[in-house]
Every structure is written in C-alpha cells, then in structure tokens.
Amino acid sequence: MSRVRRLGRPVSYAAAVAVLSLTASGCVTVHGEREVVRTATRPEAARALKDFLTAYNKADKAYDPALNASRVTGPLGAINQAGLKARHTQNPDGNARHVPLKLTDVTYSIPKKAGWPRWFVVDALANRKPHGYRWLIVFTRADADGLWQATYLNLIQKDRLPDLKKDEDGHVEPVAVAASGLAVAPRRLGGEYTAFLKSGGDTFTPGPHTTQWKAARDRNKRRLGLAVQYIDEPRNGGAFAPVGLRTKGGGALVFFTTHHYEKQTASKGTDVTVEPDVKALMKGEAKQSVTLERVSNQVAVDPEGSGKVAVLSRMQGLVGAKGE
C-alpha cells in the first residue's frame, strides 16, 4: 500500500523570515496620490498587530476560518484558511489544545512610499516552537477604506537577518519589483526558483530550500510503486506579488511566492491511502492518484550586482487536493 505522506501544520518549522507582499515599488500612484509618505504610524501598526492577533486566536481556538478571514491575505491567507478548514473538518468542536499566540520584543519596519497598497513589517518573538526564531509578519492595506491584513509570515534566526537600510527618521526603503542592479529582479525570483526546482542551475546558493529540497523531490519521484510528478509556478499577482527591502549592503531582502502541484499516481493494483489532512481538502475520490496543491513563500537575500541568491527560509502549506 502506498501512502500520501502526512502534511504538516500550515506554519512549517522549516521556515524562517518573512515580509510583505503586493507591489512595494515606492512609485505606485493611486487616486492621484503622488506624495511619498510613511505607510503607517507606530500606533496604527501596533493596532493592526493587535487586531490580527485577536482574530487569529479566535480562529485557531474554534478552527473556524471565517473568524480571521478579513485579517489575512496573500500566501499567509491561503495557507492559514486552508489549514483551519482542514482541522475544522477533523475537529468540528474546535482546538482542545489551543494556546493563544503571543508576540513579544516587537519592532516595526515602516517604509515611505507613494500611493496604495501600503505595508509595514513586524519583527517579534513568539511563544511557539521553534523557540528563539524571529517571526516576521508583513501587513498590507489595499486602500484607504481597507483593513490591515497579514500577508506573509516567515520564521528566521536573528543572526541570519541582514541589516536593513534606514533613513534618518528610521524608515526602511522598499525595493521596486522591477529593480535593476540586483542579481535577479524581485519579480523574476519566483520564475527563477521554479526553474531551479525543475532543472537546477547556479542562480541560488546551496542549502535546505534549494539544492536539498530539489534532491528530496528528485528522490521522491523514484518511490517504489508510486509515480510522482511536479508542476511549479511563480505567483506574482495581487497580494502574492514579490516585495523587497533594501539592505545596508545594497542588495535586497525579497519575499516571493510560488505555487506547487504534486501528483502521486499508484501503480496498477496498488491502493492510495489519503491522510486526514489531505482528505479534508480533497475534491473527488483518490482511486488511483491524488494531486496535492501547495502554496509556498520564500525569503531571500538578493545581492547587489551579480552573485547567487541565498534563500533564507521557506514556509509551505497544503491548500487543496484532487483525487482521481
């Protein structure tokens, strides 16, 4: 009997850093707004974080995605909402082991930019495993009437975080998605990453989220009694668009999203066993195969000029499944 491996919780412990989404180019103009201003005041940012935590904890306790749907978007929203849906299907009475998420040692990285969308980044410690990692949460606001929503979430060890460039007022500098002068323009990172997973190359430095992940996927294709196929796509639109922050060294800390499909087909006469997390999100019946759909967001250091891009962390979650 072949088994579809059990997927982890929406926030992967293989993760590390995070930051925003949406077009953070510093030159967006909406409704005629051309003035470059700070995207939020510190009190506004603190209120947005408080509102997010309140909604997040209510949803996690009840396993009800509707309770925080208005406070998440982008890759974090896709992963979070699907995860809550799956766990609610398995535990309709809610989360009996719920522990409220608490964040301490909070700092805010607030850029200056024109127009909408606007965003800022929270950097904090959490009362969750793995301990000692920094949680980076990107908050975005689409327009003047919209709510602040958490878009990206990643975890990273503090000593791996590059220093960000700041102006005299302490504001960080956004990097345009089409910025030149970097090893890879931010809007091209998702495409380069998915191409690497398929064919390899020298765009990225070796590590757990590049060479090691590719090797693991290649080994997975050769599983006895099971044929595995992958389709990988960049996600560059709307709330999934890549964004970056200028580092002191002249490069950029870039956050980008990718979309992954993994089709597992059992040999003739072999059963496919679907784990509960997968079954809760699955459409159709897995008679011979199951296709797993995942969203993944990465954070990388994109150097100035030439050089290789270093992927610091990756967070991935199951968002759908199809049986055939």
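Two strands count as paired if DSSP finds at least two bridges between them. The exercises below apply this to a predicted model.

**Exercise 1.** Decide how many bridges join β5 to strand β6, and in which direction the two strands run.

*Solution.* Begin with the count: 8 bridges join β5 to strand β6 (residues 133-141), and the cut-off for pairing is at least two.

**Exercise 2.** Find which residue in β5 stands opposite T104, and explain why β5 is described as largely enclosed.

*Solution.* Strand β3 (residues 103-109) is joined to β5 by 5 bridges, and these two strands also run antiparallel. Within this pairing, the residue opposite T104 is L125 in β5. For the second part, count the buried residues, remembering that buried means under 20% relative accessible area. Because 8 of the 9 residues of strand β5 (residues 118-126) are buried, the strand is largely enclosed by the rest of the structure.

**Exercise 3.** Determine whether H260 is buried or exposed, and which side chain makes a polar contact with the side chain of H260.

*Solution.* First locate H260, which lies in strand β11 (residues 252-266). Its relative accessible area is 4%, and since the cut-off for buried is under 20%, H260 is buried. The side chain of H260 is joined to that of D232 by a polar contact of 2.7 Å. Among the other residues that H260 touches, leaving aside those up to four places away in sequence, are L197, W213, R217 and Q316.

**Exercise 4.** Compare the span of helix α2 with the expected value, and state what its buried residues pack against.

*Solution.* Helix α2 (residues 74-90) has 17 residues, and from its first C-alpha to its last it reaches 25 Å, close to the 24 Å expected at 1.5 Å a residue. The buried residues of α2 include G74, L76, I79, G83 and R87, and the buried residues pack against elements including α1, β11 and β14 (289-302).

**Exercise 5.** Identify where confidence is lowest and where it is highest.

*Solution.* The protein averages a pLDDT of 89, but strand β1 (residues 2-3) has the lowest mean, 38, whereas helix α1 (residues 42-62) has the highest, 98. Over residues 1-32 the pLDDT stays under 50. Where pLDDT is low, the predicted coordinates should not be read in detail.

Notes: Residues are numbered from 1 along each chain as its sequence is written. This is a predicted model: local features need pLDDT of at least 70, side-chain atom pairs count only at pLDDT 80 or more; totals for chains, interfaces and linings use all residues. Side-chain values use heavy atoms; hydrogens and water are left out. pLDDT is the predictor's confidence in each residue, from 0 to 100. Helices (H or I, at least four residues) and strands (E, at least two) are DSSP runs, numbered from the N terminus. Contact means heavy atoms within 4.5 Å. Buried means under 20% relative accessible area, exposed over 50%, partly exposed in between (1.4 Å probe, protein chains only). A polar contact is a pair of N or O atoms within 3.5 Å; within protein, one must be able to donate a hydrogen and the other to accept it, and residues adjacent in sequence count only if both atoms are side-chain atoms. The expected span of a helix is 1.5 Å times one less than its number of residues.
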